[in-house]
Amino acid sequence: LSVAPVEDPVVMSQIRQNLREKHARHIADLRAYYDSEIQSLKQQLEANLCNLYVLNRCEQLDAALNEASARIKALENKNNLLEKQVAEWRERFHALSSTSKVLQERIEEMRTTHKEKDNTISRLQSRLKELEEAFEKAYKLSDNKNTRLKEENKMFQNLLGEYESLGKEHERVKDTLNTTENKLLDANTQISDLKRTILKLEAQLKQVEHENTLKLRH
């Protein structure tokens with residue numbers, strides 16, 4: 001080519017052909033290179049997008065885990081509080097039950113005493129009636145009416161005083177018995193309220209434990 005004249009059309013045609021082929025190969029190489037680069041960038045972009053999704057998902061799961069942990073902690077605190085309340089109410093219930101038992105025993109004792117007092121009063125009434133009859137009979141039959149009258153009257157007054165004293169004691173026992181029965185009724189009412197409260201607290205405790213179990217399982 002260097003020897004051949006530059007103006008030769010054949011030579012110029014060959015040069016142009018060679019340049020076109022070289023240019024075509026260069027373009028093909030560039031296209032292949034850029035296609036490879038584009039493919040690599042696409043893969044990197046897909047990997048980065050995947051990593052970004054995983055990162056976002058991890059953040060979401062971490063936030064959900066923190067929320068669940070806080071919820072579980074709150075449920076555990078509520079559970080502990082309910083258990084404490086149940087224990088306190090049970091202790092109070094046992095104390096009231098013991099008080100109720102003591103009051104019941106006291107009422108039984110007072111009823112027994114009251115019954116004994118009633119029997120004593122009945123015996124005194126019978127004895128008083130007998131003395132009245134004896135007094136009337138002695139008054140009619142005795143020669144020494146004044147002496148017998150004073151003695152019988154003294155006995156009658158003593159017996160009447162004992163009867164009145166027992167009557168007052170009987171009334172006091174009745175009042176005390178009524179007061180004690182009212183206290184027992186109040187105690188039984190409190191015991192019923194405590195039973196309902198304990199059942200309610202135990203139901204709440206079971207619900208909290210169930211929620212705790214579900215949260216922990218989740």
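A contact means heavy atoms within 4.5 Å.

This is a predicted model, in which local features need pLDDT of at least 70, side-chain atom pairs count only at pLDDT 80 or more, and totals for chains, interfaces and linings use all residues. Residues are numbered from 1 along each chain as its sequence is written, and side-chain values use heavy atoms, with hydrogens and water left out.

**Figure 1. The protein chain has 2 helices and 0 strands.** Helices (H or I, at least four residues) and strands (E, at least two) are DSSP runs, numbered from the N terminus. Helix 1 covers residues 9-141. Helix 2 covers residues 145-217. The C-alpha trace spans about 200 × 15 × 15 Å along its principal axes. The radius of gyration of the protein chain is 56 Å, while a compact globule of 218 residues would have one near 17 Å. That radius is taken over C-alpha atoms, and the globule rule is 2.2 Å times the number of residues to the power 0.38.

**Figure 2. Contacts and surface of the protein chain.** Of the contacts with a separation of 6 or more, 86% are between residues 24 or more positions apart. Buried means under 20% relative accessible area, exposed over 50%, and partly exposed in between (1.4 Å probe, protein chains only). Of the 218 residues, 17% count as buried. The accessible surface comes to about 17200 Å². Carbon and sulfur atoms hold 53% of that surface. Accessible areas come from the Shrake-Rupley method with a 1.4 Å probe; for residues, only the protein chains shown count as cover.

**Figure 3. D193 and R196 meet in a salt bridge.** A salt bridge is a side-chain nitrogen of Lys or Arg within 4 Å of a carboxyl oxygen of Asp or Glu. Side chains of opposite charge can pair when their charged atoms come close. Here the N to O distance is 2.2 Å. The structure holds 1 salt bridge. D193 and R196 are 3 residues apart in helix 2, so about one helical turn separates them. D193 is partly exposed, at 35% relative accessibility. R196 is exposed, at 52%.

**Figure 4. Y33 and Y34 form an aromatic pair.** Rings of Phe, Tyr and Trp (its six-membered ring) pair if their centres lie within 6.5 Å; planes under 30 degrees apart count as stacked, over 60 as edge-to-face and the rest as tilted. The count comes to 1 aromatic pair. This pair is edge-to-face, with 5.3 Å centre to centre and 70 degrees between the planes. Y33 is partly exposed, at 46%. Y34 is partly exposed too, at 47%.

**Figure 5. L30, Y33, Y34 and I38 form a nonpolar patch on the surface.** Patches are made of residues with over 30% relative accessible area and no salt bridge: like charges are joined within 9 Å, nonpolar side chains (Val, Leu, Ile, Met, Phe, Trp, Tyr) within 5 Å. Together the four residues have about 390 Å² of accessible area. L30 lies in helix 1. Its relative accessible area is 31%, so L30 is partly exposed.

**Figure 6. Two residue pairs, viewed by their C-alpha atoms.** E67 sits in helix 1 and is exposed, at 59% relative accessibility. From E67 to L214 is 147 residues along the chain, yet their C-alpha atoms are separated by 14 Å. S192 lies in helix 2 and is partly exposed, at 33%. S192 and E91 are 101 residues apart in sequence and 14 Å apart in space, C-alpha to C-alpha.
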